[in-house]
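Okay, thanks everyone, I'll keep this short. Have a look at the screen, and then I'll walk you through a few spots I picked out.

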Amino acid sequence: MPPFAAVGSAWPRIVHVVGAGVVSAFQVGKAPMALAAVQADLALSLATASWLISIFAVTGALVGAPIGLAVDRIGAKRMAVAGLLLQAAGSALGAVSASAVTLLATRVVEGLGFLCVVVAAPALITAAAPNHIRDRAMALWATFMPIGITVIMLAAPLLSLLTWRGFWLLNAATLVGFALLLGWSLRLPDTHSRPHRNIRQDIGEALVSKGPWVLGGLFAAFSAAYFAVFGFLPSLLSQRLGISNEAASMLSALAIAAGGVGNLVCGQLLARGFPAAQLLLFSFCTMALCGVGVFSQVLWAVAAYALCVVFSLVGGLIPVVIFDSAPRKAPRPELVGVTIGFAMQGSNLGLIIGPATAAGIAGAFGWPMVSALVTAIAIAAALLALTFNGRQ
């Protein structure tokens, strides 16, 4: 029995962990939402301002596995609380930044805190959830990103009331509140008594094991394909449907929210015994089919948008399978954190590669050719999924 699942219901504690992920996802979404306001206030070039978004992905691509190793050694609860406080400090300092360099430095701090939470949370979910609800609990955890991004996009009117600096401070206060809540609500045993081998041995064992690489590759492919589509969706919808940027953002938020529905559906399917490999294969194959039409100039714009919604819905199955399978894909139980760290490095690498490659292809050959990129990535991932056995 997990250490505290027997004390009352496990679900409130699971929801607290998910909430910590949601407010962490706010820090990802707030930068693109406030980009124009920050750019005007600090007189930034577009290239410099874009780093406010991409620096999160760069940080994750570089230090995901080391953060996971720290989670394994320091403890998931400590790392999650520390991650929330790091994000709060970064957001508060960002609110008083007077230059691009200072603001970018605070975004690095936020990015490190975000990784601490995201890598530690699955271990907290595993500890909190009894076996019979673990699949559904992990599915609920996987909704943190679509929920967080959707909520922060819907909160855009607050920018005009608070300014971007006030919005940063509001985020800092929210993060501190969740850090206190998480520290109070979760009771985990001390992990310092657990013996650890040499750090080099742990890293070496993770590097030569198949599991972390498979999870990282699957997450990289999913992230690259997903953000190749959704990184540009608001502007594309505005152009093709002839609607305002605000309306396009709302439609994009709705499509992103469909991914959260997919997360929850996947939890139910896993709980009913559906094989993880088949869920991955179905998801990536469906994404490949949708990818043929999402940027098509032949299809009606409404039909292309509908494909984006389906793309997001089926894509929502993939993170759930990855997070749920991490304990079984880890080289040993003590290296679950570093395994999730590998997966997150893959996710962030895909976030860097996907939009950049899509933008380059669109500039050279036009947006319809981006569909070929998305489809090719999804097919390659489907082939990798054939080697996956999530219940081993």
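So, let's start with who touches whom between helix 10 and helix 13. On the helix 10 side you've got Leu233, Leu237, Arg240 and Leu241, and they meet Ala301, Val302, Ala304, Tyr305 and Cys308 in helix 13. Sort those contact residues by type and you get 8 nonpolar, no polar and 1 charged. This is a predicted model, by the way, so keep that in mind throughout.

How do these two helices pack? Helix 10 covers residues 233-241 and helix 13 covers residues 301-315, and they pack at an angle of about 160 degrees, with the axes 10 Å apart. Anything over 145 degrees counts as roughly antiparallel, so that's what we call helix 10 relative to helix 13. And the crossing of helix 10 and helix 13 is left-handed.

Next spot: threonine 163. You'll find threonine 163 in helix 7, residues 157-185. What's the phi there? Near 65 degrees, which is a positive value in a residue other than glycine. For background, most residues other than glycine have a negative phi. Threonine 163 is also partly exposed, at a relative accessible area of 44%.

Last one, asparagine 348, over in helix 15, residues 336-365. Buried or exposed? Asparagine 348 counts as buried, with 8% relative accessibility, because the cut-off for buried is under 20%. And what does asparagine 348 touch? Leaving out residues up to four places away in sequence, the contacts are Phe56, Ala57, Gly60, Ala61 and Leu115.

Okay, that's my tour.

How values were computed: Residues numbered from 1 in each chain as written. Predicted model: local features only at pLDDT ≥ 70, side-chain atom pairs only at ≥ 80, totals over all residues. Heavy atoms only, no water. Axes fitted to C-alpha atoms, helices over the stretch in contact; angles between N-to-C directions. Helix = DSSP H or I, 4+ residues; strand = E, 2+ residues; numbered from the N terminus. Parallel < 35°, antiparallel > 145°, perpendicular 65-115°, else oblique. Left-handed = near helix turned anticlockwise from the far one by under 90°. Contact = heavy atoms within 4.5 Å. Nonpolar A, V, L, I, M, F, W, Y, C, P; charged D, E, K, R; others polar. Buried < 20%, exposed > 50% of the residue type's maximum accessible area, 1.4 Å probe, protein only.
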